[in-house]
Amino acid sequence: MTEPLQVGQFAIVDHEPVDRGPNAGTFHGRGPADDRVELFIVAEGTTPAGEAFAGHVVSAMGQALAGLDMSLTGILRRLFAEAERVVLDWNRKSIAQHRVALGISCLARRGGQVVLGQAGPAAAVAVHGGRSEVLRPEPPFDQPIGSGRGPGPLLRRLAFEPGDRVVLLSTPALAEVEDEVLRGIAGLPLEEILPDLYRRVQHLRHETVLLAALPGRREDRSAADTAGSGAGEAVIDATGEASGAGEGSRDDRLYQPSLFVEDDHQDELVRARRALEAAAPRPIPVRNDAAAAEDEAAEVPLALAAGERRARLARVVAESRDRADRARAALGEAGAAAVRPTWGNAAATAGTPPAPRRNPRAQSFTRSLAPPETPKPGPSAEARDLPLVDELAAERRARPAGGTVSEQSVAREAGFAPGSGTLVRVRSSMDGRWRGSGSLDRARLGGYTLPPTWAVIMAGLAVLLVLVGIMTVPSMLEADRGAEYSNLLNGAAQKLAVARVVEDPAQRRTALVEAQALLLKARELQTGDPQAETLFNEVAGALNEMDRVREPAAVETITSLERFGERPVAPSRMAAGPDYVYLLDAATPQVIAVSLADGSARTVYAEDAGAKRGRPIAIAQLDANDRGVPALLIMDHENRLWAWENGQLTALAFNPPSGLAVTDIAVRGRDLYVLDAPHKAVYRYAQERDGFPNPPVKVLETGDLANARRLFVDTEILTADADGTLHRFIGGGVALTLSQAGIDRKLVAPETPQALSDSEVAVLDPANNRVVVFLRDGAFERQYRHPDFAGARAFTVRGGEAYILSGSALRRITW
């Protein structure tokens, strides 16, 4: 059974440290424990509103994990696509100040496989075999999610054995902790990593750190035994469960180190508590007999409680008379000079001081810090004369034998015996008591008091207003709704008429969208109107005609690259030759050749410092080669040019101008074109036998090239910017922006434009899973959609056939 990872984390949210921050998440997929996906996410915002929105994206990715059953790389691609979808949907509905962009790090584990995915600003530290490495996404994977410029996540497979760990953290910590120090902290024992890192970044406003480790190294176990030597010490795991130190080894439990509960004054508190407990208690004053007797008398319950039976009340009265007789007899035997005791049980007290009662507050440590309460002294033991029984009897005999008639009737109703007295006397007169305000003298009708005149008038007015409202308000509302409905239909008809006559596609789409909105609101007021339904169908049909969604004639899968190499293929460029399709894989980095005959794939170029081969940054197919065979041109980041021809890799002569920064390359005929976006220029190289040794000619220099990222050259020069803008440059360097007039959604980070014909240009729009066709004047012509276009990464056209890489599969498109 696969052992779960130990997890620890902390976060700083608006300068406040918390154990679990909103921008980190730990999730588990479905399935048995040994085949279940463990997912750990840390996100951060790159815009003012992004930090608050990152937690929502983390939750959405965790919920999406439950419905995925595929490889780890496939799961991570789907999760990053879900994050991109959530962010784009939010930005589409928000104003500019509320738009967000994010950086995300994801660590996924299933069994013995561990994959790290990163996109946008993100950082991680991986420790394997005692060696630490700081991992960050390389260009172009460092573009934030939501900016529309990133190609997707950068995926890395990590070796993960017992004793290894991975620390995911947001990038503000990188400005405070150097990489060497960060690698050293990640190599510390598990219980020291997060506290050490927290002390270095605790002044930051926002920071999230998550540690995932697989225990098992000898030093980790010894450190855990040392830290857990205290008996009964609790260990809190990432799920919030606690277990005692004796419930198994520390490696068998998940791990959440204590970061913020470090009381340096704990020993002083213990010493103070012991000193207070050892102090001698204050003496408790001894109460006298009279005070004790009165306290006991106060605790005697009342004998005549409400609700008791009447017979019991009579018996209590009789018993009280007997006690009074016995008290008077005892007093006569003691002598007139004896001091009479006070009321209550004090008369039976033998003079021994009562034992002090136990103070329950002394049972609690917090309450025992206060001194015990000293009881208040009781009443003085002054001698008072007891009321004699004879005096009470004489007073009773002075009353009439049977009492008043009212008293006798009340006694009979109460069930008392005659002569036992009454509990309640009936007052014969109400004189001297409170008098009413006249309400008791108000006239009555049928036993009920009549309401005042003003109340009757107000009630009548209220009833009248209700009746008037019932008769008039519905008709007024109906008239208003009818007028509003009529206005909505008239407005929609006018917008539809405008759309039929305007020539500009953008104005036509705007009018149709406004007409559709008016008709939808009219539907809310009234449904089933034939006129409204006819207008709605006309508007919907006009919009569908403008969308011009088409489906390709055929989409054929050539091969799948999901299992090619140790890392998933993430192409950023594509070129097609007569026998091969070439992919520039930015994740490895390398150049892959896929045979069109049998679908086999192999690496034809890879970065090699020993062979002086740099990282490939651009590729182009050269058919008119002076050496007699087609060749693939490869440009590396050190401005060296290579050619793969006849199954061999050859270095070509190349004469770069001073300060050249290659962004992309393209070929037209025998000439090579180089785009230098930082210097806002395009250069043309003439071909010789050994390559391109001559100085270039600057064919274009304009500020419209500053944001260009893709270059295409045929009869004209076309560029695609990172924000979706397409530029067309005609003779003399005049730049025309392709307006995309009439398109339903603007392009987002398009790939290299490809020529379909002399008048049409095709562009891959990966964010919307479609291929869009424009006229050379910039107007939108049509768009192709297909289920296999989901997750498209690269696109090229050769000889009327198109090739697209989507879902890790290379496919051929027939229009």
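Let me start with the backbone nitrogen of glycine 614, which lies 3.1 Å from a polar atom of the side chain of aspartate 636. Before going on, please keep in mind that this is a predicted model, in which local features need pLDDT of at least 70 and side-chain atom pairs count only at pLDDT 80 or more, while totals for chains, interfaces and linings use all residues. Residues are numbered from 1 along each chain as its sequence is written, and side-chain values use heavy atoms, with hydrogens and water left out.

Aspartate 636 belongs to strand β23, residues 631-636, and with a relative accessible area of 0% it is buried, a word that here stands for under 20% relative accessible area. Leaving aside neighbours within four places in sequence, aspartate 636 is in contact (heavy atoms within 4.5 Å) with several residues, among them Tyr605, Lys612, Arg613 and Trp642.

Asparagine 646, by contrast, sits in the loop between β24 (641-645) and β25 (648-654), and at 64% relative accessibility it counts as exposed, that is, over 50%.

Now to the helices. Two packed helices are described by the angle between their axes and the distance between the axes. Helix α1 (residues 50-65) packs with helix α2 (residues 72-93) at an angle of about 140°, and their axes are 9 Å apart. That angle makes α1 oblique to α2, since angles under 35 degrees count as roughly parallel, over 145 as roughly antiparallel, 65 to 115 as roughly perpendicular and the rest as oblique. Among the residues that meet are Phe53 and Met61 in α1, and Leu79 and Trp90 in α2.

Note on methods
Axes are lines fitted to C-alpha atoms, for helices over the stretch in contact, and angles run from 0 to 180 degrees between N-to-C directions. Helices (H or I, at least four residues) and strands (E, at least two) are DSSP runs, numbered from the N terminus. Buried means under 20% relative accessible area, exposed over 50%, partly exposed in between (1.4 Å probe, protein chains only). A polar contact is a pair of N or O atoms within 3.5 Å; within protein, one must be able to donate a hydrogen and the other to accept it, and residues adjacent in sequence count only if both atoms are side-chain atoms.
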